Each structure stands twice: as C-alpha cells, then as structure tokens.
Amino acid sequence: MSDSKHVVLGVSGSIAAHKAIDLASLLTKAHCTVDVVMTRGALQFVKPLPFQTLTRRRVITDLFDEMETDVTHIQAADAADLLLLAPATANTLAKMACGLSDDALSCVALALRPKARVLVAPAMNGRMWEHPATVSNVTILKNRGMEFIGPDKGMLSCGYDGIGRLWPVEEIAERVMSMLSMNSANP
C-alpha cells in the first residue's frame with residue numbers, strides 16, 4: 001500500500017490484551033497509522049506506554065481527559081479506515097450489539113464513518129463465548145457487517161482447554177491488511 005491506512009485498535013479487558021502490543025507493532029511496521037483505544041479493563045492487564053512507544057501516537061484511555069482540548073475519540077472515528085477490536089471481550093461485544101457508549105472505545109465504534117470496516121478478534125472463556133447471549137450478540141454484529149476472526153481453540157488462561165483464545169496475531173494483522181487492500185480497490 002502506498003498511502004498510510006488508519007487503524008483504530010480497540011483493546012478490551014482480556015488476559016490476551018498483552019498480545020495487542022504485538023498487533024500494534026505489526027500494523028505500524030506495515031505502514032499503518034495506529035490509534036490505540038483502551039478500556040478500563042484493558043488497563044488492568046497492560047499499560048498505554050508500550051502502545052504509545054510503538055505507534056508514536058497518544059493512547060486514548062478515557063472520554064474525559066482534562067488535558068485534551070480536542071474530542072480524540074471522535075477524531076479517531078473520523079480518521080479510521082478500519083476498527084480492529086482485539087481482544088474483544090464478551091462485555092465489549094454486548095456493548096456493541098446494544099449500541100452502548102459509556103467509554104472511549106464504544107463511542108469510537110458508534111461514531112465510525114460509514115465506509116470504515118470492523119474486524120473483531122474475540123478472546124474470552126469458552127463458556128462465555130458459547131453462552132446464548134454472546135452467540136446472539138455475535139449474530140447481531142455480523143448482520144451489521146462486522147467481520148470476525150476467531151476465537152481459536154487451545155489451552156485458556158483459566159485452565160480450560162477449548163475455544164476462546166485470541167486468534168494468532170500475525171494472522172489478525174494479515175486479515176487487517178487484506179481488508180485495507182480491499183478498501184483501496186473499492187473506494
């Protein structure tokens with residue numbers, strides 16, 4: 001891609017949040033402009049500094065930053081070619097399906113420009129993934145045009161073996177680049 005594509009990386013509160021650091025790195029190395037938006041839950045697992053260092057951009061963690069005069073979550077939504085939710089928790093999926101906007105990430109998702117694409121990479125306990133509420137929320141989001149990658153199967157951090165792992169970050173990054181290439185081919 002000759003011109004830089006803009007990706008908003010939404011990181012929610014999953015143990016897999018540390019893998020989003022690698023995603024930010026891979027996307028930045030692929031010449032994407034990456035804005036990271038973290039939920040309060042994500043901040044329990046990882047800090048903004050690695051994202052800020054890798055992307056060379058300020059990380060959005062709150063809707064109400066007293067030091068910020070611009071509405072950063074709206075600017076991110078306006079600029080995004082693609083919103084990548086990785087990892088996406090059951091809570092984040094539920095908020096998206098219901099149209100809730102009580103944090104910076106959910107506000108970015110609701111304010112996305114119409115041509116922006118959304119890729120969701122879930123990561124959660126297998127029972128949470130297979131719960132009827134989550135299944136229903138995923139169906140709603142797919143019907144709205146959001147694309148999903150994963151989750152993967154394997155040993156989960158909770159000690160269970162099954163579905164719920166974040167899809168491999170290299171493959172998520174490849175899918176993002178493919179989706180951005182398709183956007184370029186079909187403006």
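Which residue forms a salt bridge with D81? The partner is R113, and their closest N and O atoms are 2.8 Å apart. D81 sits in the loop between α3 and β3 (82–88), R113 in the loop between α5 (104–111) and β4 (117–122), so this pair ties together parts that are 32 residues apart in sequence.

Some background first. This is a predicted model, where local features need pLDDT of at least 70 and side-chain atom pairs count only at pLDDT 80 or more, while totals for chains, interfaces and linings use all residues. Residues are numbered from 1 along each chain as its sequence is written, and side-chain values use heavy atoms, leaving out hydrogens and water.

Side chains of opposite charge can pair when their charged atoms come close. Here, a salt bridge means a side-chain nitrogen of Lys or Arg within 4 Å of a carboxyl oxygen of Asp or Glu. That rule gives 5 salt bridges, including these:

| Pair | Closest N and O atoms |
|---|---|
| D35 and R57 | 2.6 Å |
| D81 and R113 | 2.8 Å |

E147 belongs to strand β5 (residues 147–148) and R117 to strand β4, 30 residues apart. (Strands are DSSP runs of E, at least two residues; helices are runs of H or I, at least four; both are numbered from the N terminus.)

How covered up are these residues? Buried means under 20% relative accessible area, exposed over 50%, and partly exposed in between (1.4 Å probe, protein chains only). D35 is buried at 8%, while R57 is partly exposed at 32%. Likewise, D81 is buried at 15% and R113 is partly exposed at 29%.
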